[in-house]
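User: Can you walk me through this one? I'd like to start with how the parts of the chain meet.

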Amino acid sequence: MAQSMKPERPPPGPPDTLIVYGVSSDPDMPSLSPYVLKLEVYLKLAKVPYVLSERIAFSSKGKVPWMSYNGEEIADSHFCIDFVKSKFGADLNKGLSAEQLAVSHAFRIMMDEFHFWLNVHFRLYDPDDPIIVRLDPTAPGRRAFKERYDGYMNAQGVGRHSEGQITRLFVDNLKALDALLGQKSFLMGESPTEVDCSVFGFLAAIILYPSKHFDEVMGKDYVLREFPKLYEYSMRIKELTYPNFKM
Ligand SMILES: N[C@@H](CCC(=O)N[C@@H](CS)C(=O)NCC(=O)O)C(=O)O
C-alpha cells in the first residue's frame with residue numbers, strides 16, 4: 001500500500017492466464033482491500049480461474065486491484081469485472097430485470113464510491129492498528145499513507161465531518177443494505193450477483209478485520225449484534241468463496 005513498496009512493472013504472465021494484483025498473495029485469505037476482495041469474490045463466484053500475484057504492484061492508475069491477461073493490463077475493479085464479463089462471458093447479473101440492474105448499480109456506487117470513505121475513517125484512524133501494520137510494517141510508510149488519505153478524505157468531504165456524523169452515515173448505509181436484503185439469501189434474490197461482491201468487500205472489512213478504533217466506537221461484534229441478517233449473508237458469501245478461512 002505504501003509508496004515505498006511501489007516496484008517496477010511486473011513481467012507479463014504465462015499465456016491465457018488471468019493474473020490479479022492485490023495487497024497479499026494468500027489465496028485462502030480474503031483481501032484486506034475491499035476492492036481486491038470484490039474482484040476476487042466475483043472471479044470465484046463466476047468460476048473464472050485466476051492467479052493471485054505474489055508481487056505487490058500498482059496499476060497504471062496507481063491503485064490495486066488490477067489484472068493482466070496475455071500482456072493486456074486492466075486497472076480498477078469495475079473495469080476488471082467488465083473485462084471478465086466480455087472475455088469469458090462470466091456475467092453474474094444475467095437474468096436480472098432492468099429495475100434490479102438499476103438498484104444494483106445504485107448500491108454498488110453507494111459502497112464503492114461513498115461507503116469506502118466512511119470505512120477509511122475507521123480503517124486509518126490509527127496508522128499503528130495491527131491490520132495496517134500487516135499491510136505495511138514500516139512506520140514512516142504508514143504515516144505517509146495516512147497523510148495522503150487524510151488529504152483525499154478532506155477533498156471528498158467525508159474528512160470534514162465529525163466522527164458522530166461519519167458513524168451516522170456509516171450506519172445509514174448498513175440499514176439500507178439490511179432493508180434491501182430483507183429475507184433473501186443475497187441482495188438480488190437467491191443467487192449472488194455483482195453487487196454482492198462489492199458489499200461483501202466492505203462488510204468483510206468490519207466483520208473479518210475490524211480496526212481497534214471501529215470496535216471502540218461501535219462495540220465488539222457490531223454487525224453480528226446489530227445486523228444479524230447482514231452477518232449471516234456475509235458468512236454465506238465467505239463460505240462460497242473462502243471456505244478455508246478461519247475467523
Ligand atoms: N476505483 C478503484 C479503487 C481502488 C482503490 O482505491 N484501491 C486502494 C486500496 S483499497 C489503493 O490502491 N490505494 C492506493 C493509493 O491510493 O495509493 C477500484 O474499484 O479498483
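**Domains and helix packing**

Analyst: This is a predicted model. In it, 15 residues of domain 1 are in contact with 22 residues of domain 2.

User: Which element gives the most to the domain 1 side?

Analyst: Helix 1, residues 34-45, gives the most to that side, with 8 residues.

User: And what is the make-up of that side by class?

Analyst: The side of domain 1 that touches domain 2 has 11 nonpolar residues, along with 2 polar and 2 charged ones.

User: Where are the domain bounds?

Analyst: Domain 1 covers 3-88 and domain 2 covers 98-241. Their C-alpha centres are 21 Å apart.

User: Back to helix 1. At what angle does it cross helix 7?

Analyst: Helix 7 is residues 194-207, and the two axes cross at roughly 135°, coming within 8 Å of each other. Helix 1 and helix 7 are therefore oblique to each other.

User: Is that crossing left-handed or right-handed?

Analyst: Helix 1 passes helix 7 in a right-handed crossing.

User: Which residues meet there?

Analyst: From helix 1 they are P34, Y35, L37, K38, V41, Y42 and L45. On helix 7 they meet E194, C197, S198, F200, G201, F202, A204 and A205. By class, this contact divides into 11 nonpolar, 2 polar and 2 charged residues.

User: How does helix 3 lie against helix 7, then?

Analyst: The axes of helix 3 (residues 98-123) and helix 7 cross at roughly 15° and come within 9 Å. An angle under 35 degrees counts as roughly parallel, so helix 3 is roughly parallel to helix 7. The crossing of helix 3 and helix 7 is left-handed.

User: Which residues make the contact?

Analyst: Helix 3 brings S104, F107, R108, M111, D112, H115, N119 and R123. Helix 7 brings E194, V195, S198, V199, F202 and A205. The contact of helix 3 with helix 7 divides into 6 nonpolar, 4 polar and 4 charged residues.

User: Now helix 6 and helix 10. How do their axes cross?

Analyst: Helix 6 (residues 163-181) and helix 10 (residues 228-241) have axes that cross at roughly 75° and come within 9 Å. That makes helix 6 roughly perpendicular to helix 10.

User: What's in that contact?

Analyst: L174, L177, D178 and L181 come from helix 6, and K229, L230 and Y233 from helix 10. The residues of this contact divide into 5 nonpolar, no polar and 2 charged.

User: Different topic. How many residues does helix 5 have, and what does it reach end to end?

Analyst: Helix 5, residues 139-156, has 18 residues. From its first C-alpha to its last, helix 5 reaches 25 Å, close to the 26 Å expected at 1.5 Å a residue.

User: What follows helix 5?

Analyst: G157 follows helix 5, and the phi of G157 is positive, near 120°.

User: Which residue has a positive phi although it is not a glycine?

Analyst: K47 does, with a phi of about 60°. K47 is found in the loop between helix 1 and strand 2.

User: One more backbone item. Is the peptide bond from V64 to P65 cis or trans?

Analyst: The bond from V64 to P65 is cis, with omega near 5°.

User: And where is P65?

Analyst: P65 is in the loop between strand 2 (51-52) and strand 3 (66-69).

Definitions and conventions:
Residues numbered from 1 in each chain as written. Predicted model: local features only at pLDDT ≥ 70, side-chain atom pairs only at ≥ 80, totals over all residues. Domains from an automatic or database assignment. Contact = placed C-beta atoms within 7 Å. Helix = DSSP H or I, 4+ residues; strand = E, 2+ residues; numbered from the N terminus. Nonpolar A, V, L, I, M, F, W, Y, C, P; charged D, E, K, R; others polar. Axes fitted to C-alpha atoms, helices over the stretch in contact; angles between N-to-C directions. Parallel < 35°, antiparallel > 145°, perpendicular 65-115°, else oblique. Left-handed = near helix turned anticlockwise from the far one by under 90°. Expected span 1.5 Å × (residues − 1).
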